[in-house]
Amino acid sequence: MAEPKQIYFSLFRTLNATRSVSSLIKKSGIKIIFPFYHVVSNDRLPHIKHLYNCKSESQFKADLQFLLKHYKPLHIDDYLNNNYNSNENYFVLSFDDGLREMYDIVFPILKHYHIPAIFFVNSDFVDNKGLFFRYKVSLIIEKLLKTGIPKNVSDIFIDKPVNLLDIKTHLKNLTYQDSALIDSIANACQINFDEFLEKEKPYMSTVQIQTLQNAGFAI
């Protein structure tokens with residue numbers, strides 16, 4: 001299912017060819033919207049690429065330009081304190097997951113456009129102390145696509161279909177409660193998540209998060 005923000009941008013860009021975006025916004029009656037992103041990157045990140053698509057830098061900038069044309073950026077503190085003009089249209093921008101690209105890519109772009117934002121972080125992952133279970137799944141799928149299915153992985157799925165498509169579907173349906181199984185499959189695939197965290201550093205560090213906060217962004 002498409003995310004709300006994807007539906008939003010697709011709808012308005014499609015209808016914009018024949019109708020005024022401003023008139024559509026007015027007709028909706030919605031004065032404040034809350035677009036959010038997981039990550040922005042020009043690279044196909046292996047821990048994400050098998051889960052969902054992400055916006056490139058140019059696509060992200062185009063989104064911001066579209067938003068700025070029709071809405072005013074609003075800081076979450078001003079929203080919570082009702083410190084805004086109820087007759088204006090606003091957007092409150094946010095970013096999930098606390099990934100490193102928030103600091104390396106998103107932060108400079110937001111500063112350039114003078115747009116406030118909220119960055120949600122999970123303390124279990126800050127400073128790359130751990131890896132989200134769904135990111136582990138994506139790394140496993142990436143390895144299987146490159147190397148095929150080792151027999152020891154097939155054995156884990158005993159009494160289940162073991163073609164690659166079925167395994168991908170099964171892996172993507174796993175939940176946090178299946179973390180031990182995910183780690184077991186990773187071991188069978190000779191994937192070391194600690195090495196990945198140390199080498200790639202997919203999450204922001206405490207220092208980077210503090211820098212965002214000092215710059216006025218909400219954490």
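User: Which residues line the largest pocket?
Analyst: This is a predicted model, in which residues are numbered from 1 along each chain as its sequence is written, and local features need pLDDT of at least 70. Side-chain values use heavy atoms, without hydrogens or water; side-chain atom pairs count only at pLDDT 80 or more, while totals for chains, interfaces and linings use all residues. A pocket is an open set of points, on a 1 Å grid over the protein atoms alone, where a 1.4 Å probe fits, with protein on both sides within 12 Å along at least five of seven lines, and lining residues have an atom within 4 Å of a point. The lining of the largest pocket consists of Pro 46, Leu 139, Glu 142, Lys 143, Lys 146, Gln 190, Ile 191, Asn 192, Glu 195, Phe 196, Lys 199 and Glu 200.

User: What is the volume of the largest pocket?
Analyst: Helix H6 and helix H10 (193–200) each contribute at least two residues to the lining of this pocket. Its volume (the space filled by probe spheres set on the grid points, which are joined across faces, edges and corners) is about 340 Å³.

User: Why does Ser 138 count as buried?
Analyst: Ser 138 lies in helix H6, residues 133–147; helices (H or I, at least four residues) and strands (E, at least two) are DSSP runs, numbered from the N terminus. Buried means under 20% relative accessible area and exposed over 50%, with partly exposed in between (1.4 Å probe, protein chains only). Ser 138 counts as buried because its relative accessibility is 0%.

User: Which residue's backbone nitrogen is reached by the side chain of Ser 138?
Analyst: Contact means heavy atoms within 4.5 Å. Beyond its neighbours up to four places away in sequence, Ser 138 touches Pro 46, His 47, Ile 48, Lys 49, His 50 and Leu 51. At a distance of 3.3 Å, its side chain reaches the backbone nitrogen of His 50.

User: Which members of the largest nonpolar core touch the most other members?
Analyst: A nonpolar core is a set of buried Ala, Val, Leu, Ile, Met, Phe, Trp, Tyr and Cys residues joined through side-chain atoms within 4.5 Å. The largest such core has 55 residues, and those that touch the most other members are Phe 95, Leu 110 and Ile 140.

User: Which elements give two or more residues to this core?
Analyst: The contributions to the core come from helices. The elements giving two or more residues are H2 (21–28), H3 (57–70), H5 (101–113), H6, H8 (164–172), H9 (179–188), H10 and H11 (206–214).

User: How many residues are in the second, separate core?
Analyst: Among the members of this second core are Ile 32, Tyr 90, Ile 118 and Ala 218. The number of residues in this core is seven.

User: How far apart are the C-alpha atoms of Val 40 and Phe 60?
Analyst: Val 40 lies in the loop between S2 and H3 and is buried, because its relative accessible area is 0%. Its contacts outside four places in sequence include Lys 55, Phe 60, Met 102 and Val 106. Val 40 and Phe 60 are 20 residues apart along the chain, and their C-alpha atoms are separated by 7.0 Å.

User: With which residue's side chain does the side chain of Lys 55 make a polar contact?
Analyst: Lys 55 is placed in the loop between strand S2 (36–37) and H3, and its relative accessible area of 18% makes it buried. A polar contact is a pair of N or O atoms within 3.5 Å; within protein, one must be able to donate a hydrogen and the other to accept it, and residues adjacent in sequence count only if both atoms are side-chain atoms. At 2.5 Å, the polar contact of the Lys 55 side chain is with the side chain of Asp 63.

User: Is Gln 190 buried or exposed?
Analyst: Gln 190 lies in the loop between H9 and H10. Its phi is positive, about 60 degrees, although the residue is not a glycine. With a relative accessible area of 73%, Gln 190 is exposed.

User: What percentage of the residues in the chain is buried?
Analyst: The secondary structure of the chain comes to 11 helices and six strands. In H9, the buried residues are Ser 179, Ile 182, Ile 185, Ala 186 and Ala 188. Of the 219 residues in the chain, the buried share is 43%.
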